[in-house]
Amino acid sequence: MTAPLAPTSLSSSSASQPEEAAPTGTGAAPVSPGGASETLFERAVKVIPGGVNSPVRAFRSVGGTPYFVDKAEGAFVYDADGRRYIDYVQSYGPQIAGHAHPAVVRAVQQAAERGTSYGAPTRGEVLLAEEVRARIDGLEMLRLTSSGTEAAMSAVRLARGVTGRDKIVKFAGCYHGHSDSLLVAGGSGVAQQGLAGSEGVTDGAVADTVVAPYNVIPRLDESVAVVCVEPVAANMGLVAPEPGFLQGLRDACDEVGAMLLFDEVITGFRLCRGGAAQWFGVKPDVWCFGKVIGGGLPVGAFGASTEIMSALAPLGGVYQAGTLSGNPLATAAGLAVLELLDDDAYRRLESAVESLQQGLTQAFAAAGVPAVVPRVGTLLGLFFTESAPHDFDTASAAADNGLYRKFFHGMLRRGIAFAPGAYEAIFVSLAHDDSEIEATVEAAAETAREMAADR
C-alpha cells in the first residue's frame, strides 16, 4: 500500500488516547513500594520534575509510585528496600548481557583508572567504530555521540546536507529521540503521557516533517531528504514490519533519490550480529545505533558510506560535535558487550525469548485473557487484544484499554518488573535462564487468573 504525504501539524498528528481513569478491583491495585523508595520519591519530586529524569520511568500510565533501584545483577534489580525483581526493563535495551556483567564491569573499571574524559581522540573509539563496521554490511564510517537522540538528529542533518532537501518522513509510533523535528507522534514515553508531541515545539520545527502510518509505504517526491524508520517498531509495544514494507521503503527512496535511515537504537546488535539490515535483507543509506553499543553507559552513533559521511565536519560542511562523544568508559563497555555477542549468544537469547513468548501466550489463553505476544527474533512485545497491532492507531487502542496496568502491578507484586507503560518492548538478556523464565510464566499465569476474575 502507498499513501500520499501530508504536512505535519502539532495539533493533528496521530497520538495515543488520553490517559485512562484509574482502575478498580483487586487485580488493579497499584503496588506501593513503601519504605526507602517512597521516601526517595517524596524527595525527588521536590527537586526533579515529576520525580524522574525521563518521563518513561514515571508510573503515570500505570499508577502508583516508582520503585527506586539500588543495585542490579544479571537478570535482577534490587530496590532501595532490598526487594529483588526479575527485570525485563534491562535499562530499556542496553543490558543485553544482563546487569553488571563481570566483563563489562572490568572493562569500565580499567578504563576509569586511565581517566574518564579527555577532549581528545582515544584508541577505544577507534576500536568500537571498527567493530561496529565489521558487523554491518555497507556501513563504512561511524560518528559516535552521547545518545540515540543526538545520533538521530545528526543523521537527519547529514541527510539534508547531502541531498540539499528539507523534508523528512517518519512513521507514527516510531521514536527517534526528543529532538523537535522528530518528536511528533513519537510513541514510547510520549504516548504514555497522553501526548501527541510536545509543547514548546514550534510549527516551524515540524513544518518539514511528514508523519505516515507505519506499515504503509508513503508516496515520496523529490522534496524528501530522508525517510526515518524503526525497522522493527519497538516504541509502540512491538509492531513488526509487514512483508515487503521495508523493501518498499527502499524502492520508494531510490525512485526519488531520498535516503533511507534505519533507526537501530533498539534493534542494532539485538536482532542479530548484523542488525536489521541482515535480518530483513534490506540495506539503508544511514544507520543510527545506541543502547547495546554502550553496554549501559550513555552512547549513540550514526553511520553510512564513506561518501555520505565525508559530508561531516571537519571533512565537509555538515557540522556535528559533542564534548563527551566517544567517551572512553562507554566505548570500553560497548566493546566488552559486543565481544560477548557471538552466534551462540544470539541462539541462546532467541531461545529464551521464544520460551517466554510461548509461556506468556499459554498463561493468558488458559485464563481467558485476550492477549498477543508478538516476537521478532530476540524482541518481544505484549498487547492485551485479540490480534497483533500493525500500526500506531491499533497499538494505541490495545495499550490504552487499561489491562496492561493490571498486569504490570500484578507482576510487580510477584517480583517481576516490566516497563511501567504499555508502549515498551520486553527485554530479555543473556542472564535470564530457565528458572527466571519459568518463574515469570508462573507469575503471569497467576496474574492472568486474577485479571480474569476482576473483569
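**Starting at one leucine**

Begin by selecting leucine 246, which is buried, because its relative accessible area is 4%, under the 20% that marks a buried residue. Bear in mind throughout that this is a predicted model. Leucine 246 is found in helix H6, and if you display the residues around it you will find that leucine 246 touches Val229, Pro231, Pro241, Phe262, Phe280 and Val282, leaving aside residues up to four places away in sequence. Select valine 216 as well: leucine 246 and valine 216 are 30 residues apart in sequence, while their C-alpha atoms are 9.7 Å apart in space.

**Along helix H6**

Which residues of H6 are buried? They are Phe245, Leu246, Gly248, Leu249, Arg250, Ala252, Cys253 and Val256. To see what surrounds these buried residues, show strand S6 (167–171), strand S8 (217–218), strand S9 (224–229), strand S10 (259–263) and helix H7 (275–280), against which they pack. Then move just past H6 to glycine 257, where the backbone takes a positive phi of about 80 degrees.

**A pair of helices**

Now select residues 343–367, helix H10, together with residues 434–453, helix H13; the two pack at an angle of about 20 degrees, and their axes lie 8 Å apart. That angle makes H10 roughly parallel to H13, since angles under 35 degrees are counted in this way. Turning the view, look for the right-handed crossing in which H10 passes H13.

To see where the pair meets, show the side chains of Ala352, Ser355, Leu356, Gly359, Leu360, Ala363, Phe364 and Ala367 on the H10 side, and on the H13 side those of Ile437, Thr440, Val441, Ala444, Ala445, Ala448, Arg449 and Ala452. Sorted by class, this contact of H10 with H13 comprises twelve nonpolar, three polar and one charged residues. An α-helix has 3.6 residues a turn, so residues three or four places apart point the same way.

**Stepping back**

Finally, select the whole chain, in which there are 13 helices and 15 strands. Of its 455 residues, 57% are buried. Among contacts between residues at least 6 apart in sequence, 75% join residues at least 24 apart.

Notes:
Residues are numbered from 1 along each chain as its sequence is written. This is a predicted model: local features need pLDDT of at least 70, side-chain atom pairs count only at pLDDT 80 or more; totals for chains, interfaces and linings use all residues. Side-chain values use heavy atoms; hydrogens and water are left out. Axes are lines fitted to C-alpha atoms, for helices over the stretch in contact, and angles run from 0 to 180 degrees between N-to-C directions. Helices (H or I, at least four residues) and strands (E, at least two) are DSSP runs, numbered from the N terminus. Angles under 35 degrees count as roughly parallel, over 145 as roughly antiparallel, 65 to 115 as roughly perpendicular and the rest as oblique. A crossing is left-handed if the near helix is turned anticlockwise from the far one by less than a right angle, and right-handed if clockwise. Contact means heavy atoms within 4.5 Å. Ala, Val, Leu, Ile, Met, Phe, Trp, Tyr, Cys and Pro count as nonpolar, Asp, Glu, Lys and Arg as charged, and the others, Gly among them, as polar. Buried means under 20% relative accessible area, exposed over 50%, partly exposed in between (1.4 Å probe, protein chains only).
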